[in-house]
Amino acid sequence: MFTEEIAEPEAVSPAEVRAEYEATLEAIIDAYGVDAAADETDFDADRLAAIRDGDAEAITTEEAAEVLALAEDWPPAEDLLLEMQDHVMLQMSSAVVDVDSSPPTSSSRTTSAPRRSNSASKAVTR
């Protein structure tokens, strides 16, 4: 869920992806039980009940990982978070940067002053 690629991204809206994400969290809390989930996570029962009832708007990644980890078919929360961090780092490291269209930075600007050859500098130092 956190790192799955969407086969046809143009065919799925962000709202649909979010709805699937929230439905997964709701189903896990519903199946596990609010009180049992509260015993196993850092959530209180009221917060879990709100998420189960569709109020997952402000849930953090760490909280979502805790909820997902309650299900048998999901890895532990820490493993989920590490997988997500690895995925983000890999995506960042493989990002394509178009250096020809990027604006120059102060460190990438070069001067146009001609260089003197070694023979010219030797003549000056004599």
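**Figure 1. Arg-18 and Glu-22 within helix α1 of the predicted model.** Arg-18 and Glu-22 both belong to helix α1, which covers residues 14–32, and they sit four residues apart, or about one turn of the helix. In this model, which is predicted, the two residues form a salt bridge in which the closest N and O atoms are 2.7 Å apart.

**Figure 2. The salt bridge between Arg-47 and Glu-63.** Here the side chains of Arg-47 and Glu-63 meet in a salt bridge, with an N to O distance of 3.0 Å. Arg-47 lies in helix α3 and Glu-63 in helix α4, the latter made up of residues 61–68, so the pair ties together parts of the chain that are 16 residues apart in sequence. With a relative accessible area of 25%, Arg-47 is partly exposed.

**Figure 3. The salt bridge between Arg-52 and Asp-53.** The side chains of Asp-53 and Arg-52 meet in a salt bridge at 3.1 Å, taken from N to O. Asp-53 counts as exposed, at 57% relative accessibility, while Arg-52, with a relative accessible area of 28%, is partly exposed. A search of the whole structure finds three salt bridges.

Figure 4. Thr-41 is placed in the loop that joins α2 (34–40) to α3 (45–52). Because its relative accessible area is 10%, and so under the 20% limit, Thr-41 is classed as buried. Its side chain reaches two backbone atoms: the oxygen of Ala-37 at 2.8 Å, and the nitrogen of Phe-43 at 3.2 Å. When neighbours within four places in sequence are left aside, Thr-41 is in contact with Leu-48, Glu-66 and Leu-70.

Figure 5. Helix α6, residues 118–125, has the lowest confidence in the protein chain, with a mean pLDDT of 49, whereas α2 has the highest, at 94. Over residues 108–114 the pLDDT stays under 50, and the model has one contact beyond four places in sequence for this segment. Residues 120–126 likewise stay under 50 in pLDDT, again with one contact beyond four places in sequence. Where pLDDT is low, the predicted coordinates should not be read in detail. For the protein chain as a whole, the average pLDDT is 80, and 74% of the residues score at least 70.

**Figure 6. The protein chain as context for the close-up views.** Of its 126 residues, 21% are buried. Among contacts with a separation of 6 or more, 48% are accounted for by residues 24 or more positions apart. The chain exposes about 9500 Å², of which carbon and sulfur atoms supply 50%.

Notes
Residues numbered from 1 in each chain as written. Heavy atoms only, no water. Helix = DSSP H or I, 4+ residues; strand = E, 2+ residues; numbered from the N terminus. Buried < 20%, exposed > 50% of the residue type's maximum accessible area, 1.4 Å probe, protein only. Polar contact = N/O pair within 3.5 Å; in protein donor to acceptor, adjacent residues only side chain to side chain. Contact = heavy atoms within 4.5 Å. pLDDT = per-residue confidence, 0-100. Areas by Shrake-Rupley, 256 points an atom, 1.4 Å probe, with all protein chains shown as cover. Salt bridge = Lys/Arg side-chain N within 4 Å of Asp/Glu carboxyl O.
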